[in-house]
Amino acid sequence: MSLKVGVTRFLGTNCDQDVRQWFSLNGHKAEYLWFEDQFNSNDYDMLVIPGGFSHGDYLRCGALAARTNVMKSVREFANKGKPILGICNGFQILCEAELLPGALLRNKDLRFIDGWQTLKVENTTNAFSKKMSVGQTIKLPIAHGEGQFYADSETLKKMVDQKQIWLTYENNPNGSMLNISGITNAKHNICGLMPHPERALFDWMGSSDGGFFL
Amino acid sequence: MINDLEKKLKTYRLSVEEYEKIKSLLGREPAPIEWPLYSALWSEHCSYKSSKIHLRKFSYRNERTPLMDGENAGVVDLGFDEKIAFKMESHNHPSFIEPVQGAATGVGGILRDIFTMGARPIMSANYLCFGDVDAPRMKDLMKGVVHGISSYGNCVGVPTVNGQTNFHPRYNKNILVNALNVGYFGPGMKMALSNASGPGNYVVYVGAKTGRDGVHGASMASASFDDDSESKKPNVQIGDPFYEKLLIEACLEVLEKNLVVAMQDMGAAGLTSSSFEMASKGQVGLVIDLKKVPLRDSTMSPEDILLSESQERMLLICEPKNFDVLHKTFKKWNLDSAILGEVQAQKKVKLMWGPEVLTDIDPDLIVESAPRYERPYTKWTPKNKVAELTRPTIQFAEILKKALSSSKLNRFTWIYNQYDQRVGAKTATACESAVAFTRLEHSGRGLALAVGCRPDVMEMDAQIGAYDAVYYPAFQMALKGAEVLAVTDCLNFGNPQKNEIMSEFVASVDAIVDASEQLKAPVISGNVSFYNETITENIVSTPAIGLVGLRDTVEDIRPDYFQNPFEMILEVKLNWVESFTWINSLGNKTSSFKSYPEINVPKFIQLCKNLDTEIKAKKIKVSAIKAVGLGGITTTCLKMTTSELGFDLSNDYQGVTAADYFKDTFYSFLITTSELEEVRKFLKSYFNSIPVEILKIGETTQKIIRITSEFQLDFDQFQKQFKQEI
Amino acid sequence: MMTVGIKIMPRDVILDSQGRAIEESMKNNGFKFEGLRAGKFLEVSFSNENKEDVKTEIEKMLKIGGLYNPLIEKFEIIF
């Protein structure tokens, strides 16, 4: 079934074209949603907030983007229980907008890290795990300076109980609590992850495990 | 009066002879505003006055490389309605002063040279030269430069896919930071040129506001560092990659909408160079009111504004009817655009300060009339060439210990994994690969990128080193199945007013010209950085080279690492030049060399290029292939190890002394296979038209590194040292 | 125990790219103000409560210890 996917575009978003390519290759129709404009939730089946350096990552990653006009519509879309995927900077924006719990801090070694990671699938109750099975490992690339997931102990406990931990690192590269690489909200319709599935579609890219997401 | 003149000449870095020339060109004394104009445009960096007569030798072009004289970057037509633009540039002096911003603005500057032509930047690479790791400030400089490249490159959204990091004590006081960028024109994408045209058209300034960044910057790039370096507090140019990203998107959008007549980025000498060069190229005039320039600091004088090197600014020409949409497009991307003036038919650049005319001058009196010096040089004679090589006496343990602790043997993963290598979802290789491959969006072919120039070889002999700067990366590209298409260069040298430096420059240029013509890969763009010296210490002459190439696909690129244990390692060797460069470099000594000039290196490279296709077609079982680098077969095998796989040379390679295991021969490659006889037979037949040696040198192992029956390395300890951060 | 603040801001002539981005975003969202510059604030604690001693030590940390980059930053010590 061909989906209509909204892909947000902030000043400084870099992975919008990559995400659009990913969805097109899977037979879906992806459209850009400009940060200054609101949109009608009924016009889209799914939303993706791609990676990049929105607003230069200034002040805090995702902080300035989270407070733009388009996010008002994103919030409405979320409240309707429709699926949203935040990738890397997109994950940071969703946390800043409080659509996902916790925050992403600077990597523990204080450096940007680019590399391949083996991830473990912890839960599959969300719209982006239809081809995954619990316990499966997948190989995806990361490229981020602020990927250390933090939440207070109460929040973490709730997340564990409500099966909100989606993906974990086998070799934690950034100090994330509980080795968290990807999470969902309590309703399981909003997902965020630091690795880039749109960069793992073919063997020549280094892995085709992005194929497990759609 | 004389004192005044002397002071002026010193401030504006002009010689007495240049001043006399200016007076005779103008027929009068230069007006106050004309001093900074001449200072900037006649600086070495902008005018190429010491190199121009030699750069003319790079005139070879072919059907893929249209002549685009004087454009910002060179363009290669790839067929299938795809083109690329590419160029390399230096930012050496600013990086030595403030490494993070120096390197960052270097990356920003070369990006602008690419997208100012309408190409979307798709690959970044860098070429770095540092001094001794323990030299003063060096560790901070290294960390700063890498951080600058990474923070700028990652934010702007262009993958950093390739790089080369070199170390030599002669860079202790003058590091080199060269940045390269490749841009893509897909079907229907329009190329923008920089020649102004159309009297009545608007001259429009777009991008960041102008501040005091880098005033006197272009002249700074052309002056050598003296003891005052530490106390100089220049207005460091700050690069903002976020702004650059906005500029890229906005510029490409207005070009797509056909709103632009011409465009030029404001780089070295900012508004001065962009306005005068656009006018001179178009052979038209411009009227510009400097009071209309958007300012960050309202106290700036006209001279400050003209010389400012604030980053992320462009100058463009547009028809008046298109200005409104253009302005709205830039506004959408949060950028300013201001009309500074207009194009006029009369070939004069009129700079105004409100109603006051500061100058009304023919741009060619500055741009075209820049001096062209014939700096004295001597015809090249190799000083280190010998009839027979003497083997240095070394011990395995000692030499490897020295190499591992000195950067001569390091994986540099700690550098590469600070770079975003995969944004764009087109990168097919890891940054630490010798050759980078990106998938071309429309045709799906692989675009190859590699950089070259090995300072230790340059020190041995500038002419051989310059040939090697082109041949070696071309060879590495060929082994991965890519054909070299074009060359860009960044010629980093010391003081051209010294005969020995100029001689190395001319010898290098001549060698690059010859190598590029033989490989049928024209030199289509480039940059010259002179005066890389401190007091009287010059750097090793470093003509850095960038190559682009083409491969049919990005699939099945043969890896650089051992793939399986218990496979055979074969060496295919062409003996053009022999030396002990690597061993000598560890003792800070210059190597001597023996050469066989009758050897046809380009023919070998061409054969290597088709090897990939032949192997596939004949279904030959080959697992890995890698060019042998400095340090010979042993160092190369060490670089091919993984966390699980090692090698054993003891049963196959019989060096006469320890030195033989690290001997440098240009050029050879290693190939691994489980089918020794089949592959040996295939290679012998394939290379039968040239004098190569083909021998089995060893076997891959599981976690063992054995060089001779007496010498073995601790596998885990080696891996740890090899990957450690310097 | 005494805690002293060190405010580190970009020098006035230097482009403050972070401040610029925050300023533009805030103004876009309708907040009204003139300008905004961004820097960093350090809190350093000392067991020695002698103001002069502490000031000397902080100045050493700044100028020799590299706590700030004099090429692009300026500092203010806040007791």
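**Exercise 1. The interface of chain B and chain A**

Determine how much area chain B and chain A bury between them, and describe which residues and elements of chain B take part.

*Solution.* Begin with the area: in this predicted model, chain B and chain A bury about 2500 Å² between them, and 53% of it lies on carbon and sulfur atoms. Next, look for the residues of chain B that lose the most area to chain A, which are Phe242(B), Arg422(B) and Ala425(B), together accounting for 26% of what that side buries. Then count the residues that touch, which gives 33 residues of chain B in contact with 26 residues of chain A.

**Exercise 2. Two packed helices in chain B**

Work out how helix 7 of chain B is oriented relative to helix 10 of chain B, and list the residues that make the contact.

*Solution.* Start with the geometry, since two packed helices are described by the angle between their axes and the distance between the axes. For helix 7 (residues 99-115) and helix 10 of chain B the angle is about 5°, and the axes are 11 Å apart. Because angles under 35 degrees count as roughly parallel, helix 7 of chain B is roughly parallel to helix 10 of chain B. Now list the residues: helix 7 of chain B contributes Gly108(B), Leu111(B), Arg112(B) and Phe115(B), while helix 10 of chain B contributes Glu244(B), Leu247(B), Ile248(B), Cys251(B) and Leu255(B). By class, this contact comprises six nonpolar residues, one polar residue and two charged residues.

**Exercise 3. The interface of chain C and chain B**

Describe the contact between chain C and chain B by its residues, its buried area and its salt bridge.

*Solution.* Counting first, 12 residues of chain C are in contact with 17 residues of chain B. The two chains bury about 1300 Å² between them, with 55% of it on carbon and sulfur atoms. There is one salt bridge between chain C and chain B, in which the side chains of Arg20(C) and Asp240(B) meet at 2.7 Å, N to O. The side of chain C that touches chain B has seven nonpolar, two polar and three charged residues.

**Exercise 4. Backbone features**

Locate the cis peptide bond of chain B and the positive phi of chain A.

*Solution.* Recall that most residues other than glycine have a negative phi, and that most peptide bonds are trans. The cis peptide bond joins Phe666(B) and Tyr667(B), with omega about 0°, and Tyr667(B) lies in strand 24 (residues 664-673) of chain B. In chain A, His55(A) is not a glycine, yet its phi is positive, about 55°; His55(A) is found in the loop between strand 3 (46-49) and helix 2 (70-79) of chain A.

Definitions and conventions:
Residues numbered from 1 in each chain as written. Chains lettered and ligands numbered in written order. Predicted model: local features only at pLDDT ≥ 70, side-chain atom pairs only at ≥ 80, totals over all residues. Heavy atoms only, no water. Contact = heavy atoms within 4.5 Å. Buried area = accessible area lost by both parts, 1.4 Å probe. Helix = DSSP H or I, 4+ residues; strand = E, 2+ residues; numbered from the N terminus. Axes fitted to C-alpha atoms, helices over the stretch in contact; angles between N-to-C directions. Parallel < 35°, antiparallel > 145°, perpendicular 65-115°, else oblique. Nonpolar A, V, L, I, M, F, W, Y, C, P; charged D, E, K, R; others polar. Salt bridge = Lys/Arg side-chain N within 4 Å of Asp/Glu carboxyl O.
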